[in-house]
Amino acid sequence: MSDIEVKVKEIMQDALGKLESVKEMDALNEIRVNFLGKKGVLTSVMKSMKDVAPEDRPKVGKWVNEAREAIESRLENVKTVLENEIQDRKLKAEAIDVTLPATEKMMGHRHPNTIALEEVERIFVGMGYEVIEGPEIEFDEYNFTKLNIPADHPAKDEQDTFYITKDILLRTQTSPVQARVMEKGHLPIRMISPGRVFRSDEVDATHSPSFHQIEGLVIDKNVTFADLKGTLDVFAKELFGPETKTKFRPHHFPFTEPSAEVDVSCFKCGGKGCRFCKGEGWIEILGCGMVHPHVLEMCGIDPKEYQGFAFGVGLERIALLKYEIDDMRLLYENDIRFLNQF
Ligand code: DAH
C-alpha cells in the first residue's frame, strides 16, 4: 500500500469514527467542514496531487473519491438520525397532557342586589310589564311637583337630597319615572322602573345616601284597588313563597289616593312572631296606592277615562330580607368573603 493510500484510509477511518459519537448538528457540520470543506483534510490530499506521479494520479483520485463518498453517505445517515432525534425531543417537550385537570378560572357572579332585582324583573315581566329606566339626575319638577308634592310640602323635607342647581337634583325616588312615562301618552301603561336613588342620609345598618328602588305603574281603563291587591299578592308569593300572605295598611303618599303600605307574613315563622320579624309576624316591604287624579291630570291623562295604581319597592330591603342579611352596609363594601355566599 502506498503512503497516500494509507493516509486516505486513515482520514476516512478518522472521519467515520468521529461520526459514530456525534450527538449535535453543530458537531456534525464541523466534521463536514474539517474533512470535506475547502480547507478540509481530504481536500488537501487532492491539492497535493501535483506531487504525485502522473500515472498514479487516477488511482489517488479514485481513493479520495471513494473516501469522500463513504464519509458523505455516513454524514447523511447521521444527519437523518439527528434530525429525527431533535424532532422527537421537540414533540416530547411540547406534549400536552389532555387528561390533566384544567387550571381553575376565577368566575365572578352577580351581586345579591342584582340577583334580587332580576328576580323582581322576572316576576313582573312575566305579568306583561315593561322595564323602563329613568334619569338619576332629575328635575325638581318631576321628582316632586308632578308627583303632587308642591314646593312647600313637608314631604320634601323627609326626602332631602343633593341639589345640582335650584331646579335639578339627584332623584330621591324612582317615582318621577311615573310622570315621564305618563307624559309620553302611550296608553295603557304596565311598567316597572328600577334604579338608583339618593337621599342625604347618614350611613347605618338600614340607611345609605345612595340605594335602589323599583317603581311600578299600571294605567288602563277600569283599573281598581282590587287589581293592585291581586298584583302585589302574586308578587309577594312569587318572591317569598306560596304560603306568604299580604296585608295592606292605610298610609299616605302625596301621589296616590288611597295609599297603603304592604306587609308580608314573616317567611321565617309563618306569622307567629319571631326574632326576624321582631315578634310582629309581619314585615313591611313596599308602598303603593291608586294614582292620584291630580297626578294623572298633570301628566295629561283624563282621570275619568283612565285610572291606575303604582308601587315602590326598596331593592336593598328585598335583598336583605331574602338573604337574611342584617346590615345594609355589607351590600356596598364589596367584601369577597360576604359576596361569595350568594
Ligand atoms: N316613592 C316612595 C318613597 O320613596 C315609594 C312609593 C310609595 C312609590 C307609593 C309608589 C307608591 O309608587 O305608590 O317612599
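Glu138 counts as buried because its relative accessibility is 1%, where buried means under 20% relative accessible area with a 1.4 Å probe and protein chains only, exposed over 50%, and partly exposed in between. The model is predicted, so local features need pLDDT of at least 70 and side-chain atom pairs count only at pLDDT 80 or more, while totals for chains, interfaces and linings use all residues. Residues are numbered from 1 along each chain as its sequence is written, and side-chain values use heavy atoms, with hydrogens and water left out.

Glu138 belongs to strand 2 (residues 137–139); strands (E, at least two residues) and helices (H or I, at least four) are DSSP runs numbered from the N terminus. Its side chain makes a polar contact with that of Arg180 at 2.7 Å. Such a contact is a pair of N or O atoms within 3.5 Å; within protein, one must be able to donate a hydrogen and the other to accept it, and residues adjacent in sequence count only if both atoms are side-chain atoms.

Arg180 also lies over the face of Tyr142, 4.5 Å from the ring centre. The charged end of Lys146 sits over the ring of Tyr142 as well, at 5.3 Å from its centre. For this, NZ of Lys or CZ of Arg must be within 6 Å of the ring centre and within 35 degrees of the ring normal.

Phe124, Tyr129, Phe235, Phe309 and Phe311 form one aromatic cluster. Both Phe124 and Phe311 are buried.

Terms used: Rings of Phe, Tyr and Trp (its six-membered ring) pair if their centres lie within 6.5 Å; planes under 30 degrees apart count as stacked, over 60 as edge-to-face and the rest as tilted.
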